Amino acid sequence: MGSIFNLQQIINGIQIGSIYALISIGYTLVYGIIQLINFAHGDFYMVGAYAAYFAVMFSAARKEHPNVLIVLLISMTAGAIVAFLSNRIAYRPLRYKPRLSALITAIGVSMFLEYTSSAIPAIGPSYRAFPQSALIPEHTYKIGHAILSNYQIVNVSVAVVLMVVLTYIVQYTRIGMAMRASAQDKDAARLMGIDIEYIIDFTFIIGGALAGAAGLLTGITYPRINPYMGIIPGLKAFIAAVLGGIGSVPGAMLGSYILGFSEVFGMAINSILGEGIAYAILILVLIFLPQGLLGKKTGEKV
Amino acid sequence: MPKKDGSVILEVKDLIVSYGAIKALKGISFTVKSGEIVTLIGANGAGKTTTLRTISGLLRAEEGHIFYMGDEITNKQPHKIVQMGITHVPEGRRIFPDLTVRENLEMGAWTLRDKKLKQDKMEAVFELFPRLKERQKQSAGTLSGGEQQMLAVGRALMTEAQLVLLDEPSMGLAPMLVEEIFKVITEINEEGKTILLVEQNAEMALQIADYAYVLEVGNITIEGNAKEVAANPKVKEAYLGA
């Protein structure tokens, strides 16, 4: 037991869970409001990674040291802009059409972002090394037998700060309240005088920004990026959102950490098992707990 | 006191609304005069809810026109219609169950920017429904059906709206609560709001209304002063169980 459930695995589990959490929040927020599973969401994360890549390369070319916070803002902005445009161009015209149309469109948007990126010469289809040491020089710390790098510390702390900010926005601001209201009852929210399209735009922007941030954090920790890098983490973050109860923000966070830990521990037992564990979880959740851990069944009261 | 000056606050003209191939409203026309309580009665499926949802912009009118205080509002976005001064208490209450009672009321005040005005409105709603004040920090989903209805009405009163659309406010409530909700509707009207009330409980609706329309499968078949309509033998037979 000791060799599998050790400190190193816990550190890795928290780190990977934080990445999933940032991505799955966007899935769950968008689903909560327009019941769309936005399959392009993982690609917003890829866009964030490339935005960070170019920001760092640009500074390096000018022999300047890039500021981490500015790079973070750039990747978040890039993710937000792509998310906003996907909504306006692809999803909004289909708002009152059958849900399946929007779902298929989401797959189209995803492919569009992946293949267009790989067709752009500056991005290209192959892997690129993310210049993480130009952004932050690496330090590692030994804690017993475990190794903790400052990349992991940055990764987890940025993710946690962003989740705190997001929770504050959703719980305590006027627009956050409108987001929650719209997720619970869109027509009733419209009758309150809320411009629902404005709330949807805002939701995509927030989700895209968090995914963009996750792109940068992944670039730092696993410094290989390519235009298809969003597919698998996007899928896993979606599974995490389903596990937590799609539509629930705390659920998405919880589901992401559970998934992160399961993968890391599964990997320690057997690498193939670790890869497949997310899909096994998805199947089990769909069979036994379709509303997820923190999702709810709704019922009308008389 | 309401301004019963005979001026028309809402005018619906030849309104046609369809769900796919089915015409739910087949060209209805009616008016609501300022300061009055006007009721639209009829059986299930007559088109009452459709009428209200089209006025507030949730449904699209296929043909016809809707005017509010002389301005055309046909097929405008719901949030624009709210800003113009029409508030809608939907069928089935449609409160936000996971928001607190207070948050629900704040959502009702979405169109108000002035904090002081918002606070005053909230006080007024709490005065009208003291139960809501006691429960302001609870999630709305934990309220009883009657309290939820009060919240739905209170939420609509958080706006500056002149015209209140009420869809089946008595639905699913115990008889005592039905009395209470109708009393509140009268009070709101006395404070100056014009009311368009849709009800299956025709007896209660006709008691408090000034004017009434009877809607039957997408057409208005009878209209008149509420007392006249209540005395109409056809209405008595079909809706008053006499």
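Two residues are in contact here if their C-beta atoms, placed from the backbone, lie within 7 Å. Helices (H or I, at least four residues) and strands (E, at least two) are DSSP runs numbered from the N terminus. This is a predicted model, where local features need pLDDT of at least 70 and side-chain atom pairs count only at pLDDT 80 or more, while totals for chains, interfaces and linings use all residues. Residues are numbered from 1 along each chain as its sequence is written, and chains are lettered from A in the order in which they are written.

I start with helix H6 of chain B, residues 145-156. Of its 12 residues, 10 are buried (20 or more other C-beta atoms within 10 Å of the residue's own), so H6(B) is largely enclosed by the rest of the structure. Among the buried ones are B:Met150, B:Leu151 and B:Arg155. What covers them includes strands E6 (86-89) and E7 (163-167), and helices H3, H4 (115-128), H5 (130-134) and H7 (175-190), of chain B.

Next, the interface. Here 24 residues of chain B are in contact with 17 residues of chain A. On the chain B side, the elements giving two or more residues are H2 (78-84), H3 (101-108) and H6. That side divides into 9 nonpolar, 11 polar and 4 charged residues, with Ala, Val, Leu, Ile, Met, Phe, Trp, Tyr, Cys and Pro as nonpolar, Asp, Glu, Lys and Arg as charged, and the others, Gly among them, as polar.

Last, chain A. The contact between H10(A) and H12(A) is made by A:Lys236, A:Ile239, A:Val242 and A:Leu243 on H10(A), and A:Ala278, A:Ile281, A:Leu282 and A:Val285 on H12(A).
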